[in-house]
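My notes follow the order in which I looked things up.

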Amino acid sequence: MTESERTRPPTSVLLPTVRWTDACSEVAAQLGGDDELLVICDTEDDPVAERRGSEGGGEADAEGLPDGVRLVLAGEPEGCSGKANAVAAGMEAAARDRIVWTDDDFRHPPGWLADLSADYERQGPTTEIPVFVGADPLGRFLEPAYVIGGTVPLSRGGIAWGGAVIFERSDLDVDALVADLRRTVSDDGTLAEHLDVSAVDRTRTVTAGGSLRESLERFVRFLQITRRHAPLAAAFNVALSVALASLCLLAPVAGVALVTASAGAAYARFGVRRATFLLAGPGALVSPVLLAYALARRTFVWGGRRYRWRSMFDVDVEPA
């Protein structure tokens, strides 16, 4: 254990998941003596809940879990997403003042937690930056759009990514945050409404999709989140998409070259070594159609549930 790991304040790490994954083991291995990892699932029917001990109640130490790990049962969401509901339950159960939110779909290398804590000491609330890579053909086709429309804006700061963000209770009104989480969809979009964060120049590779439907639903969800939490940015993205598609149609060589070069520069900036930046030109041509489809959709599926998101705090949820 390094000196910084020994002296950093105790931390509560919130990790929503329905099954024990490599990420759970990776984070658990980095806990200091006073840290805790809250593994948050929906109900005792989730596979990870098999690790829960025999005690009743909404949370309990579980047999077979590493030291410092607790299991929290969030319950079924009502009027919010399962992810937002899980994070809200985790915030209420957390015992430490310093809080980290993370996800189960990317690698947490040794030192990940210590690095985030050092970032906080240097600049306060901090977020890392995701790079979404596709696990299916549509997901790979959308990679340039996610780098340009997601990774780049997050790198400029001010927007939290719920996969790797650190803050302390004194940085925001926790009760107000929890109340909003329990009536909306996006956990990190809601956090950004309550907390100013700085980005650190460190990326995490997140696998996205897995099937055509999963990638399409993710695209719809991402656009709906932007539409609710950053409507001006959503409008700009639509206008830019139409402009670039028009350029590629009217001046194919110059347009495709410009879009491809821009995507290549963004990939290089964040150390993304994937040839999918070459799909930026075809992606620009198809983008207005995908955006129109996503804006026209009235529901989307996420984690086995179907959501109808009428306004920021008006959400219907039902099984998919």
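These entries cover cores, strands, salt bridges and one surface patch.

**Entry 1: the cores**

I am working from a predicted model. The largest nonpolar core has 54 residues. Within that core, Leu37 and Trp112 have the most contacts. Another core, of 26 residues, lies apart from it and includes Val72, Ile99, Val165 and Leu172. Nonpolar side chains tend to be buried together in soluble globular proteins.

I then listed the neighbours of Leu37. Leaving out residues up to four places away in sequence, Leu37 touches Val13, Leu15, Cys24, Val27, Ala28, Leu31, Gly68, Val69 and Arg70. Val69 is also the bridge partner of Leu37 in strand S4.

**Entry 2: strand S4**

Next I checked S4, residues 69-73. Five of its five residues are buried. In a regular strand, side chains alternate between the two faces of the sheet. I looked at each face of S4 in turn. Val69, Leu71 and Leu73 are buried on one side, and Arg70 and Val72 are buried on the other. S4 pairs with strand S2 (residues 36-41) in the parallel sense, over five bridges.

**Entry 3: strand S7**

I repeated the check on S7, residues 164-168. Five of its five residues are buried, so the rest of the structure largely encloses this strand. One side carries Ala164, Ile166 and Glu168, and the other carries Val165 and Phe167. Both faces are covered.

Which strands pair with S7? Strand S5 (residues 98-102) runs antiparallel to S7 and is joined to it by five bridges. Val100 stands opposite Ile166 in S7. Strand S6 (residues 126-134) also runs antiparallel to S7, with two bridges. There, Thr127 has Val165 as its bridge partner in S7.

**Entry 4: Glu128**

I stayed on S6 and picked Glu128 from that strand. Is Glu128 buried or exposed? Its relative accessibility is 0%, so Glu128 counts as buried. Beyond four places in sequence, Glu128 is in contact with Trp112, Leu116, Trp161, Ala164, Val200, Arg202 and Arg204.

Side chains of opposite charge can pair when their charged atoms come close. Glu128 forms a salt bridge with Arg204, with the closest N and O atoms 2.9 Å apart. Arg204 sits in strand S8 (residues 198-208) and Glu128 in S6, so the pair ties together parts 76 residues apart in sequence. Arg204 is buried too, like Glu128.

**Entry 5: other salt bridges**

I counted 21 salt bridges in the model. I noted two further pairs. Arg183 and Asp180 form one, with the closest N and O atoms 2.7 Å apart. Arg183 is partly exposed at 38% relative accessibility, whereas Asp180 is buried at 12%.

Asp314 and Arg310 form another, with the closest N and O atoms 3.6 Å apart. Asp314 is partly exposed at 31%, and Arg310 is partly exposed at 43%.

**Entry 6: the surface patch**

Leu249, Leu250, Leu285, Val286 and Val289 make a nonpolar surface patch of about 510 Å². Helix H10 (231-250) and helix H12 (280-296) each give two or more residues to the patch. H12 supplies the largest share, three residues. I checked Leu250, which is found in H10. Leu250 is exposed, with a relative accessible area of 75%.

Conventions:
Residues numbered from 1 in each chain as written. Predicted model: local features only at pLDDT ≥ 70, side-chain atom pairs only at ≥ 80, totals over all residues. Heavy atoms only, no water. Patch = residues over 30% accessible without salt bridge, like charges linked within 9 Å, V, L, I, M, F, W, Y side chains within 5 Å. Areas by Shrake-Rupley, 256 points an atom, 1.4 Å probe, with all protein chains shown as cover. Salt bridge = Lys/Arg side-chain N within 4 Å of Asp/Glu carboxyl O. Helix = DSSP H or I, 4+ residues; strand = E, 2+ residues; numbered from the N terminus. Buried < 20%, exposed > 50% of the residue type's maximum accessible area, 1.4 Å probe, protein only. Core = buried A, V, L, I, M, F, W, Y, C linked by side-chain atoms within 4.5 Å. Contact = heavy atoms within 4.5 Å. Pairing = 2+ DSSP bridges.
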